[in-house]
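Open the structure beside its sequence.

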Amino acid sequence: MKLAVFSAKPYDKRFLSHVHAKNQHFHSSVELAFHDFPLSSHTVPLAHGADAVCVFVNDTLDRAVLEDLNSAGVRAVLLRCAGFNNVDLEAAEALGMFVANVPSYSPEAVAEFALALIQTLNRNTHRAYNRVREGNFDLTGLLGKTLRGRTVGIVGTGKIGIALAHILRGFGCRLLAHDPFPTSAFDEFGEYAELDVLLARSDIVSLHCPLMDSTRHIMDEQSLRKMKKGAMLVNTSRGGLIETHSVIEALKSGHLGGLALDVYEGEGALFYQDHSDDIIQDDELMRLMTFPNVLVCGHQAFFTEEALTEIAECTLRNFDDFTRRVPCQNSLVREGHLLVKRGSHPVRI
Ligand code: NAD
């Protein structure tokens with residue numbers, strides 16, 4: 001069985017190959033073919049001859065790509081991530097293809113990174129680092145705020161939102177949360193509120209809901225205006241949750257006090273590649289990077305050894321379920337009578 005791995009970076013090759021070699025009793029019939037570029041309508045011919053493709057957050061699996069894969073005999077899509085907004089699940093289901101994700105890989109890794117972004121921006125360590133390297137030890141402009149007693153609004157109390165709540169409780173923050181599906185797991189940390197109330201009361205808003213039709217641009221001009229003046233917005237979830245043009249205006253007016261992004265709406269064209277010799281054409285991203293109170297990282301919140309190990313193990317387990325035709329608990333599409341998907345949020349039974 002051949003698995004064509006797209007967007008394969010050296011670290012993907014290392015962790016997948018290691019897990020593959022370590023579990024030879026399971027995966028002896030699996031052959032891994034690595035491609036270091038993303039899957040798209042241009043690169044889909046490279047998957048011909050494979051039984052399955054293994055993809056990441058910025059690979060394109062729209063209807064056309066899925067149809068091409070399917071007609072070439074590729075029967076399975078294995079996501080090396082939790083989010084699946086880049087896959088046309090309806091098309092995959094109609095084609096009878098298997099699609100599975102890695103629903104959880106060290107949610108603490110992402111939550112800890114969100115905290116790192118919050119504290120970097122809040123205490124200006126990104127600016128201090130550059131200043132000190134040039135022999136400038138002046139503190140002017142580096143003033144921060146003590147986190148203890150601050151109100152943090154968590155949008156989405158799934159695995160990562162709850163992991164962040166654990167961390168922020170240790171800092172003595174007051175916590176608010178918004179989620180259309182509240183969980184009792186949050187009860188010990190704070191209280192749920194409507195989104196408008198959360199935005200109006202929070203000093204820091206951290207986004208942890210998935211990108212779906214209903215959450216696209218959840219932070220638009222209107223909702224940004226509802227935020228407390230001077231508050232900070234943090235996004236480690238998906239870029240499409242924030243309307244970039246509006247967030248730039250909110251920063252320019254000073255209403256938004258800081259913005260920390262690990263993900264960006266237009267990241268597909270840039271992230272995970274070295275563009276240091278290129279003239280970057282994305283004017284909105286370049287404008288964002290001119291603000292002293294904006295921090296942009298290249299979708300790395302998940303990037304820990306533990307998470308990469310979990311991703312490799314789970315991806316190959318999903319492939320194993322597919323090849324053995326046994327129920328896969330991470331499947332995102334209906335397969336016979338085993339699995340269901342409701343709306344754009346997967347429900348597993
Ligand atoms: P999860 O499925 O455990 O939790 C998502 C939560 O969001 C759920 O509780 C859901 O009810 C809630 N939600 C749905 N719609 C909402 C809305 N309109 N408002 C508020 N909440 C809403 O997912 P998770 O593991 O916590 O991951 C959250 C997101 O983080 C993923 O969807 C993914 O996009 C992103 N992520 C990013 C990285 C990274 O490296 N930056 C890594 C992993 C995951």
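The structure holds 10 aromatic pairs. Rings of Phe, Tyr and Trp (its six-membered ring) pair if their centres lie within 6.5 Å; planes under 30 degrees apart are stacked, over 60 edge-to-face, and the rest tilted. Ring pairs join Y11, F56, Y105, Y272, F302 and F303 into a cluster.

This is a predicted model: local features need pLDDT of at least 70, side-chain atom pairs count only at pLDDT 80 or more, and totals for chains, interfaces and linings use all residues. Residues are numbered from 1 along each chain as its sequence is written, and side-chain values use heavy atoms, with hydrogens and water left out.

Rings can also meet charges. A charge sits over a ring if NZ of Lys or CZ of Arg is within 6 Å of the ring centre and within 35 degrees of the ring normal. The charged end of R287 sits over the ring of F291, 4.4 Å from its centre. R325 lies over the face of F322, at 4.8 Å from the ring centre.

Now find the ligand. Which residues are closest to the ligand? They are K159, I160, D179, T236 and D262, out of 24 residues that surround the ligand. A residue is near a molecule if one of its heavy atoms lies within 4 Å of it. By class, this shell has 11 nonpolar, nine polar and four charged residues. Ala, Val, Leu, Ile, Met, Phe, Trp, Tyr, Cys and Pro count as nonpolar, Asp, Glu, Lys and Arg as charged, and the others, Gly among them, as polar.

Look at the polar contacts (pairs of N or O atoms within 3.5 Å; within protein, one must be able to donate a hydrogen and the other to accept it, and residues adjacent in sequence count only if both atoms are side-chain atoms). A ligand oxygen is 2.9 Å from a polar backbone atom of I160. A ligand oxygen is 2.7 Å from an N or O atom in the side chain of D179. A ligand nitrogen is 3.0 Å from an N or O atom in the side chain of D262.

Most residues other than glycine have a negative phi. Y272, a member of the ring cluster, has a positive phi near 70°. H299 also has a positive phi, near 55°. H299 counts as buried because its relative accessibility is 6%, and buried means under 20% relative accessible area (1.4 Å probe, protein chains only), with exposed over 50% and partly exposed in between. T215 is buried too, at 8%. The side chain of T215 reaches the backbone oxygen of P210 at 2.7 Å.
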